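Please look through the following structure with the briefing beside it. The points are grouped by topic, so that each can be followed in the view.

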Amino acid sequence: MKTDLIKKLSYPLFLVIMMIGMAKAEEQETPQVKYQLRFKANYISCIVRINGVFVYSTYDSVGKGKNPIQISFGQDITQYLDQGENELSIEATNIAEYIPSHRIEQSYCEVDILAISNNSTTGDIERKTVSNIRYSYEKNPKWLKRNFPYLLSVDESNINLDERLSSNKVGLKQLPHVYDADKKPVQETLASRSFIVNHHQPFSWVNDSTPFENTPENKKRLWDKYQEILKAVADKDKKAVRQLVEPGVSDMARHYGDSNAEGQFEFSFADTFHHYFNLNPDVYKANPLTIDDYDLEIYAGGKLFRLNRKGYTLVSPLRWENSVRGTTRIYNPIFTFINGKIVM
């Protein structure tokens with residue numbers, strides 16, 4: 001991962017959250033079950049994804065090579081989830097050599113996914129953990145200490161998971177080593193665990209989308225959609241933006257129990273496109289590079305996709321550069337394919 005540019009990016013996490021919610025199930029009511037991701041980290045750097053879609057990275061908070069200390073938050077992830085099998089994954093980096101020895105045992109990176117619903121009989125809010133992954137460090141056998149005195153490991157937490165909803169095992173894959181400033185190898189691993197959503201999900205990317213294949217023709221079609229968005233921003237055409245963000249905005253309004261999609265759009269616009277409309281064109285220049293600079297990334301079995309700059313994380317063609325300050329603004333929507341059309 002190239003981090004020099006990443007540190008300069010400005011992309012509210014809400015952008016990703018908002019644009020993944022895509023539904024037009026008019027006849028469906030707001031789901032009775034919602035899902036919350038609960039994240040905690042201390043002295044372990046990690047990246048969280050749901051169904052392959054980026055959710056959070058400690059690097060965004062503390063920077064590459066720095067220790068995340070006592071980070072925690074909760075976030076609604078209902079709109080990330082497919083009906084049926086889903087996957088929680090955490091990519092972790094071994095930074096034990098930079099941690100004070102007395103802190104090693106306190107190090108962890110942990111994610112819980114909670115299903116939350118109202119009990120129709122009592123009216124009480126009920127919570128149930130449906131997935132969990134917890135990273136920590138363990139001492140390495142003596143004969144291996146020349147490489148890593150401590151290894152990243154995945155522990156079973158004390159949480160009792162329903163085996164009907166969550167896989168019993170956490171998959172742990174060793175990724176190719178990266179190298180630090182001293183050219184020493186750094187261990188990176190990927191832990192994953194599947195879980196089941198066994199009720200209706202009223203999002204159109206779940207119910208109405210057609211799997212999008214990674215072909216040169218489809219990549220060009222998606223590239224053209226990015227150019228359409230760039231033009232709407234350059235023209236400060238709010239009406240065009242309103243059309244472009246469907247069906248996502250209407251679906252998110254339903255998800256949050258708001259019958260007024262226009263209110264949801266105004267809120268979303270103020271939190272996203274408004275910032276790009278107000279960029280000074282004499283300072284910030286649109287610079288999408290070329291189509292060959294990007295990979296077509298496909299998630300959730302082809303239901304979700306976007307273009308991402310090769311070698312980077314979350315760098316779409318929707319980018320505006322300030323050459324004087326060396327800063328970059330980037331907008332990262334996610335798309336789905338419905339009735340032969342690419343939509344947000």
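What share of the contacts in the chain with a separation of 6 or more comes from residues 24 or more positions apart? In this predicted model, such residues account for 71% of those contacts. The chain has 344 residues, of which 51% are buried, and its secondary structure comes to nine helices and 17 strands.

**The chain as a whole**

- Buried residues make up 51% of the chain, where a residue counts as buried if its relative accessible area is under 20%.

**An open sheet of five strands**

- Five strands form an open sheet with antiparallel pairing, and their order across the sheet is β3-β2-β5-β10-β9.
- At the edges of this sheet are β3, which covers residues 53-57, and β9, which covers residues 171-179, and each of these strands pairs on one side only.
- From one strand to the next, the twist of the sheet averages 25°.
- Within the sheet, strand β5 (residues 84-93) and strand β10 (residues 185-197) are paired in the antiparallel sense over ten bridges.
- In strand β10, the residue that stands opposite Glu-85 is Ile-196.

**The disulfide**

- The count of disulfides in the model comes to one, and this disulfide joins Cys-46 to Cys-109, with a distance of 2.1 Å from S to S.
- The link connects distant parts of the chain, since Cys-46 lies in strand β2 (residues 45-50) and Cys-109 lies in strand β6 (residues 108-118), 63 residues apart.
- The angle about the S-S bond is 95°, and the link of Cys-46 and Cys-109 is right-handed.
- Cys-46 counts as buried because its relative accessible area is 0%, which lies under the 20% cut-off.
- Cys-109 is likewise buried, with a relative accessibility of 0%.

- Ser-153 is found in strand β8, which covers residues 150-155.
- Is Ser-153 buried or exposed? Ser-153 is buried, because its relative accessible area is 8% and the cut-off for a buried residue is under 20%.
- When residues up to four places away in sequence are not counted, Ser-153 touches Arg-134, Tyr-135, Ser-136, Tyr-137 and Glu-138.

Notes. Residues are numbered from 1 along each chain as its sequence is written. This is a predicted model: local features need pLDDT of at least 70, side-chain atom pairs count only at pLDDT 80 or more; totals for chains, interfaces and linings use all residues. Side-chain values use heavy atoms; hydrogens and water are left out. Two strands pair if DSSP finds at least two bridges between them. Helices (H or I, at least four residues) and strands (E, at least two) are DSSP runs, numbered from the N terminus. Axes are lines fitted to C-alpha atoms, for helices over the stretch in contact, and angles run from 0 to 180 degrees between N-to-C directions. Buried means under 20% relative accessible area, exposed over 50%, partly exposed in between (1.4 Å probe, protein chains only). Contact means heavy atoms within 4.5 Å. A disulfide is a pair of cysteine sulfur atoms within 2.5 Å.
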